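The sequence and coordinates are shown below.

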Amino acid sequence: MSDHSTLLFRDLMASVCTPVSVVTTIDGDRPHGTTVSAFTSLSMDPPMILVALDRASALLALVREHRMLGLNILSSEQATLAAGFARKGDDKFAGVEWTLRAGVPHITGAAGWLAGEVTDLVDGGDHVIALVRVGELAVGEGLPLTYHNRTFGTHSVLVDR
């Protein structure tokens with residue numbers, strides 16, 4: 001792909017509205033997390049999701065080691081939290097309320113949460129796709145946080161069914 005095509009691809013992908021989540025794991029008693037916008041359901045039977053993690057992510061190394069992760073689907077009130085978990089560093093959980101649930105961090109106030117076992121890791125360019133078998137989940141309250149055209153927002157209903 002040429003540099004121009006790469007920029008067009010990046011712009012096209014930015015035009016797709018995606019949910020914003022924080023993938024978490026724990027190392028000893030220390031929580032770790034990173035913001036992701038590439039996750040989706042994969043299977044209903046068994047319940048599975050897939051999530052893409054940057055190949056250079058420190059979190060990916062821990063997921064490889066522990067084979068468990070949490071997915072915290074952020075609420076529309078948590079844009080600042082999403083930005084904080086998107087940066088590099090070891091202190092991302094400073095000031096963040098969370099509980100240990102099913103062996104992984106569950107961020108308080110998330111619009112949804114699940115925990116699961118990583119059953120496979122698949123190479124995907126500059127990312128690695130984690131296939132996750134869901135073991136436990138919770139539905140929170142509030143609207144989910146989305147990312148569209150490089151801006152955080154939320155979904156609103158245009159047509160009532």
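## The position of S75

In this predicted model, S75 sits in the loop that joins β6 to α3 (79-86). The relative accessible area of S75 is 5%, and S75 therefore counts as buried, the cut-off being under 20%.

A polar atom of the S75 side chain lies 3.5 Å from the backbone oxygen of G109. Leaving aside residues up to four places away in sequence, S75 touches G109, A110 and A111, as well as E141, L143, P144 and L145.

## Helix α3

The buried residues of α3 include L81, A82, G84 and F85. Viewed down the helix axis, the buried residues of α3 fall within an arc of 165°, so they line one face of the helix. The face turned away from this buried side carries the exposed residues T80 and A86.

Among the elements that cover the buried residues of α3 are the strands β2 (21-27), β3 (30-36), β8 (104-107), β11 (145-148) and β12 (151-154).

## Nonpolar cores

The largest nonpolar core comprises 18 residues, and V23, V51, L69 and L71 have the most contacts inside it. Two or more residues each come from β5 (47-54), α2 (58-66), β6 (68-73), β9 (112-124) and β10 (127-139). Of these, β10 gives the largest share, four residues.

With residues up to four places away in sequence not counted, V51 touches V23, V36, A38, F39, L69, L71, V128, I129, A130 and V132.

Note on methods. Residues are numbered from 1 along each chain as its sequence is written. This is a predicted model: local features need pLDDT of at least 70, side-chain atom pairs count only at pLDDT 80 or more; totals for chains, interfaces and linings use all residues. Side-chain values use heavy atoms; hydrogens and water are left out. A nonpolar core is a set of buried Ala, Val, Leu, Ile, Met, Phe, Trp, Tyr and Cys residues joined through side-chain atoms within 4.5 Å. Buried means under 20% relative accessible area, exposed over 50%, partly exposed in between (1.4 Å probe, protein chains only). Contact means heavy atoms within 4.5 Å. A polar contact is a pair of N or O atoms within 3.5 Å; within protein, one must be able to donate a hydrogen and the other to accept it, and residues adjacent in sequence count only if both atoms are side-chain atoms. The arc is that of the directions from the helix axis to the C-beta atoms.
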